[in-house]
Amino acid sequence: MLIHRRRFLQVGSLASASLMLPKFLKAMEKGELVPPGNKVLVVVQLSGGNDGLNTVIPYRNDIYYKMRPTLGIKREAALSLNDELGIHPALKSFKALYDDGSLGVLNSVGYPNPDRSHFRSMDIWQSASESKDYWNTGWLGRYLDAQCKGCDKPTQALEIDDTLSLALKGDAVKGLALTDPQRLFGASNDRYFKELLAKKKHDEEHQNVDYLYKTMAETISSAAYIQQQFKTYKSKEAYPNTELGRNMKTIAELIMTDINTSVYYVSHGSFDTHVGQQGQQQRLFEQLSDALQTFTADLKKNHRFDDVLVMTFSEFGRRVGQNASGGTDHGTANNMFLIGGGLKQQGVLNEGPDLQHLNEGDLQYKVDFKNVYATLLKKWLGADDQAILKKQYEYLNFI
């Protein structure tokens, strides 16, 4: 009787212990590296102004071919999405994602009173301001301000680049830019920086110096934390040996860990195709397609695809008519792609570009990009979008 009682107590103790296991250990028992519900946003910036009309092609529209007699993508070459629209033939993995219900296409995205300057329009997209306003913080930086008060490591948003974009700069908190976690860790552990930090003295008269020391301390702490997480998972997928391929591999290897990062930001380009557009866009799209194909396969195999959402954007589209140099000039409205297993709406999410009602040769926007941001902040990241965007925007229904 006593033996049976002891065994009963042992089983009961084990059951209680299993309830107290960390979520990530329970996830590992199921073959999952990270517990379900850990949402991540990956922003892919198509720098330079990608030509949306040759990305999502209105191949049933005669105006398109009239305005682009040599630059238009032939109907038989486009990868069909529906009776009216096709996708660029180099974006094969996007077509596959579309077919399996993991891709959404949002057409005619822009903002009122568009600016055709690369720098100004990119600032508008990255800050989420109106075109008349000039803000020095980014929409994801303000997300960090809201989410990371008192955080010792500003690693909730990472940009895979050498420099930090305005998008990730907040008032109090800024994201971190890096290309290689191991290299960042090595640089941050340089003896010079450690000695400099050890000699730091508080100086009321030199607040800028205090800020630099604070930034240095945060960077050293963040680098150690990122490296600690980064070494816990190495992808088995064969990523393309391109800059974007390597960057997406870094993002994937961090996503598969217990790191606290909710937002990753990466750029690809340049799509500024004034001259010789066909070859340049083809090459960049092949790189984009190959990198995203491997990235999404990696996520699916590791049970993360449902909790990761990829959003692409470009600072503007191109003019409807081709120019005399085999390219297109700066335009206005453009398309966005949304990729992930958690989409509630898939496929073509709204009507294609309206080529009959142009504004001086440019497409007119139908969806404000800030509606997309508000939807992502509220429905995906669980943040106070109104406080971050400084205005209430109507939510969309793709998630």
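**View 1. Contact between helices α10 and α11 in a predicted model.** In this close-up, Leu244, Gly245, Met248, Ile251, Ala252 and Ile255 of α10 meet Gln287, Leu288, Ala291, Phe295, Asp298 and Leu299 of α11, where contact means heavy atoms within 4.5 Å. By class, nine nonpolar, two polar and one charged residues make up the contact of α10 with α11. The model is predicted, with local features requiring pLDDT of at least 70 and side-chain atom pairs counted only at pLDDT 80 or more, while totals for chains, interfaces and linings use all residues. Residues are numbered from 1 along each chain as its sequence is written, and side-chain values use heavy atoms, with hydrogens and water left out.

**View 2. Packing geometry of α10 and α11.** The axes of α10 and helix α11 (residues 277-301), taken as lines fitted to C-alpha atoms over the stretch in contact, come within 9 Å and cross at roughly 15 degrees. That makes α10 roughly parallel to α11, a term for angles under 35 degrees.

**View 3. Helix α10 in its surroundings.** Helix α10 (residues 243-255) has 13 residues and reaches 18 Å from its first C-alpha to its last, close to the 18 Å expected at 1.5 Å a residue. Because 10 of its 13 residues are buried, α10 is largely enclosed by the rest of the structure; buried here means under 20% relative accessible area with a 1.4 Å probe, protein chains only. Among the buried residues are Asn247, Thr250 and Glu253.

**View 4. Surroundings of Leu288.** Leu288, found in helix α11, counts as buried at 1% relative accessibility. Leaving aside residues up to four places away in sequence, Leu288 touches Val44, Leu46, Leu91, Phe94, Leu244 and His268.

Definitions and conventions:
Helices (H or I, at least four residues) and strands (E, at least two) are DSSP runs, numbered from the N terminus. The expected span of a helix is 1.5 Å times one less than its number of residues. Buried means under 20% relative accessible area, exposed over 50%, partly exposed in between (1.4 Å probe, protein chains only). Axes are lines fitted to C-alpha atoms, for helices over the stretch in contact, and angles run from 0 to 180 degrees between N-to-C directions. Angles under 35 degrees count as roughly parallel, over 145 as roughly antiparallel, 65 to 115 as roughly perpendicular and the rest as oblique. Ala, Val, Leu, Ile, Met, Phe, Trp, Tyr, Cys and Pro count as nonpolar, Asp, Glu, Lys and Arg as charged, and the others, Gly among them, as polar.
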